[in-house]
Amino acid sequence: MTVDWPVVLFLDFDGVLHHYFPISKDEEENRFFKYVPEFEKAVRACERAVEIVISSTWRERLSLAEIQAHFSPDIASQIVGVTPVVEGGSEDGGREREVQEWLSAYRPDSQWVGIDDVPYLYSSSAAVVACLDQFGEREHNLLVEAVRDPVSFAQNNPHGRSKFKM
């Protein structure tokens with residue numbers, strides 16, 4: 001019998017839920033977690049159930065409860081863990097190795113989607129929503145599409161090896 005797990009979303013923060021670097025002197029524009037409402041709206045729009053696992057380096061300095069506090073209660077309840085920290089995690093394909101370790105331990109048969117502003121941290125064949133230093137309408141639409149069918153999304157949207165090839 002095959003277990004039909006929810007799609008697992010591996011979520012980065014910097015360059016996804018807020019700008020990676022300050023982009024102006026406008027404090028509101030540079031606020032941490034600025035794009036959480038847009039991300040939450042996209043998660044709620046997904047046709048399939050999702051679980052969220054934090055792959056951001058923020059997982060190294062905040063507890064799961066501290067991370068969940070940045071989200072609405074319904075979305076916070078979908079945040080089920082953090083990826084392990086592995087050697088070389090910030091190198092080419094490194095984040096995907098962390099994802100694979102988490103999946104092996106908790107959801108070996110699950111489909112998954114990465115959400116990151118640095119797509120080279122994943123293999124080019126992975127289902128990755130490559131964010132452009134924000135989470136806006138473009139990213140919303142890509143996330144909903146990726147969750148609907150991660151395999152087709154990966155085949156139809158190769159993210160390339162460079163952050164700037166999108």
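Analyst: Start with Val43, which lies in helix H1. Helices (H or I, at least four residues) and strands (E, at least two) are DSSP runs, numbered from the N terminus. A word on the source: this is a predicted model, where local features need pLDDT of at least 70, side-chain atom pairs count only at pLDDT 80 or more, and totals for chains, interfaces and linings use all residues. Residues are numbered from 1 along each chain as its sequence is written, and side-chain values use heavy atoms, with hydrogens and water left out.

User: Is Val43 buried or exposed?

Analyst: First the scale. Buried means under 20% relative accessible area, exposed over 50%, partly exposed in between (1.4 Å probe, protein chains only). Val43 has a relative accessible area of 5%, so it is buried.

User: Which residues is Val43 in contact with, leaving aside its neighbours within four places in sequence?

Analyst: Contact means heavy atoms within 4.5 Å. By that rule Val43 touches Leu9, Val50, Ile52, Ile75, Gln78 and Leu143. Take Leu143. In sequence it is 100 residues from Val43, yet the C-alpha to C-alpha separation is 7.8 Å.

User: What share of the contacts in the protein chain join residues at least 24 apart?

Analyst: Count contacts between residues at least 6 apart in sequence. Of these, 67% join residues at least 24 apart. Buried residues make up 50% of the 166 residues in the protein chain.

User: How do I read a helix pair? At what angle do H1 and H5 pack?

Analyst: Axes are lines fitted to C-alpha atoms, for helices over the stretch in contact, and angles run from 0 to 180 degrees between N-to-C directions. H1 (residues 36-45) and H5 (residues 137-148) pack at about 30°, with axes 9 Å apart. Angles under 35 degrees count as roughly parallel, over 145 as roughly antiparallel, 65 to 115 as roughly perpendicular and the rest as oblique. H1 and H5 are therefore roughly parallel to each other.

User: Which residues meet there?

Analyst: From H1 come Glu38, Phe39, Lys41, Ala42, Val43 and Ala45. From H5 come His140, Leu143 and Val144. By class, the contact has six nonpolar, one polar and two charged residues. Here Ala, Val, Leu, Ile, Met, Phe, Trp, Tyr, Cys and Pro count as nonpolar, Asp, Glu, Lys and Arg as charged, and the others, Gly among them, as polar.

User: Now the sheet. In what order do the strands lie?

Analyst: Two strands pair if DSSP finds at least two bridges between them. Five strands form an open sheet in the order S3-S2-S1-S4-S5, with parallel pairing. S3 (79-82) and S5 (128-130) stand at the edges with a single partner strand each, so one side of each is left without a neighbour in the sheet. Direction ignored, neighbouring strands are turned by 25° against each other on average.

User: How many bridges join S1 to S2?

Analyst: Five bridges join them, and the two strands run parallel. Leu9 stands opposite Ile52 in S2, and Phe10 opposite Val53. On to S4 (residues 112-116): S1 (residues 7-11) pairs with it in the parallel sense over four bridges. Leu11 has Ile115 as its bridge partner there. S2 also pairs with S3, over three bridges. In that pair Ile54 stands opposite Val82.

User: How do I read the faces of a strand?

Analyst: In a regular strand the side chains alternate between the two faces of the sheet. Look at S1. Val7, Leu9 and Leu11 on one side and Val8 and Phe10 on the other are all buried. S2 has both faces covered as well: Val50, Ile52 and Ile54 on one side, Glu51 and Val53 on the other, all buried. As for H5, it lies across S1, S2, S4 and S5, running at about 175° to S5.

User: What about the backbone? Which phi does Phe33 have?

Analyst: Most residues other than glycine have a negative phi, and most peptide bonds are trans. Phe33 has a positive phi of about 65°, although it is not a glycine. Its place is in the loop between S1 and H1. Phe33 is buried, with a relative accessible area of 6%. Asp133 also has a positive phi of about 65° and is not a glycine. Asp133 lies in the loop between S5 and H5.
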